Amino acid sequence: MGDDCLSNAIWFYLLQTRNPERTSAFLFLAPFFGTLSGWVLLEETLSMSFILGGTLISLGILFVNWRSKRVLNRGLVDLP
């Protein structure tokens, strides 16, 4: 429960200070960190599907937040 409170506090702070469209993608990390904290605190076992899922979540967030240099050079994207 503590990790959920901390992650939500960070997420709401980022929503207020950063671009909400880009920040919202990080909400998908909540289940990943919940399971990860269960592994650390409760000594639960991790399966390969968890590791694969975490990798896919991370790649998805990377793709959402990645900006093309060509688009930035054209001035089509507002910089933070």
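Which residues make up the largest nonpolar core? The largest nonpolar core has five members: A25, L29, F32, F50 and I61. A nonpolar core here is a set of buried Ala, Val, Leu, Ile, Met, Phe, Trp, Tyr and Cys residues joined through side-chain atoms within 4.5 Å. Buried means under 20% relative accessible area, exposed over 50%, and partly exposed in between, with a 1.4 Å probe and protein chains only. In soluble globular proteins, nonpolar side chains tend to be buried together.

The model is predicted: local features need pLDDT of at least 70, side-chain atom pairs count only at pLDDT 80 or more, and totals for chains, interfaces and linings use all residues. Residues are numbered from 1 along each chain as its sequence is written, and side-chain values use heavy atoms, with hydrogens and water left out.

**Chain and confidence**

The protein chain contains five helices and zero strands, in the order α-α-α-α-α. Helices (H or I, at least four residues) and strands (E, at least two) are DSSP runs, numbered from the N terminus. Of the 80 residues, 14% count as buried. The chain exposes about 6,600 Å², of which carbon and sulfur atoms supply 67%; these areas come from the Shrake-Rupley method with a 1.4 Å probe, and for residues only the protein chains shown count as cover. Among contacts with a separation of 6 or more, 42% are between residues 24 or more positions apart, a contact being heavy atoms within 4.5 Å.

The mean pLDDT, the predictor's confidence in each residue from 0 to 100, is 76 for the chain, and 79% of residues reach 70 or more. Confidence is lowest in α5 (residues 69-74), at a mean of 54, and highest in α4, at 84.

The table gives the spans of two helices, from first C-alpha to last. The expected span is 1.5 Å times one less than the number of residues.

| Helix | Length | Span | Expected span |
|---|---|---|---|
| α3 | 13 residues | 17 Å | 18 Å |
| α4 | 18 residues | 26 Å | 26 Å |

The buried residues of α4 are F50, G54, I61 and N65. Seen down the helix axis, they fall within an arc of 35°, so they line one face of α4; the arc is that of the directions from the axis to the C-beta atoms. An α-helix has 3.6 residues a turn, so residues three or four places apart point the same way. The buried residues of α4 pack against α2 (20-23) and α3. One of them, I61, touches A25, F26 and L29, not counting residues up to four places away in sequence. The face turned away from the buried side carries the exposed residues M48, S49, L52, L56 and F63.

In α3, the buried residues are F32, S37 and G38. S37 has a relative accessible area of 19% and therefore counts as buried. Its C-alpha is 9.8 Å from that of D4, which is 33 residues away in sequence.

**Two further residues**

E43 follows α3 and lies in the loop between α3 and α4 (48-65). The phi of E43 is near 55°, a positive value in a residue other than glycine. With a relative accessible area of 71%, E43 is exposed.

F12 is found in α1 (residues 2-17). At 48% relative accessibility, F12 counts as partly exposed. The C-alpha atoms of F12 and T23, 11 residues apart along the chain, are separated by 9.3 Å.
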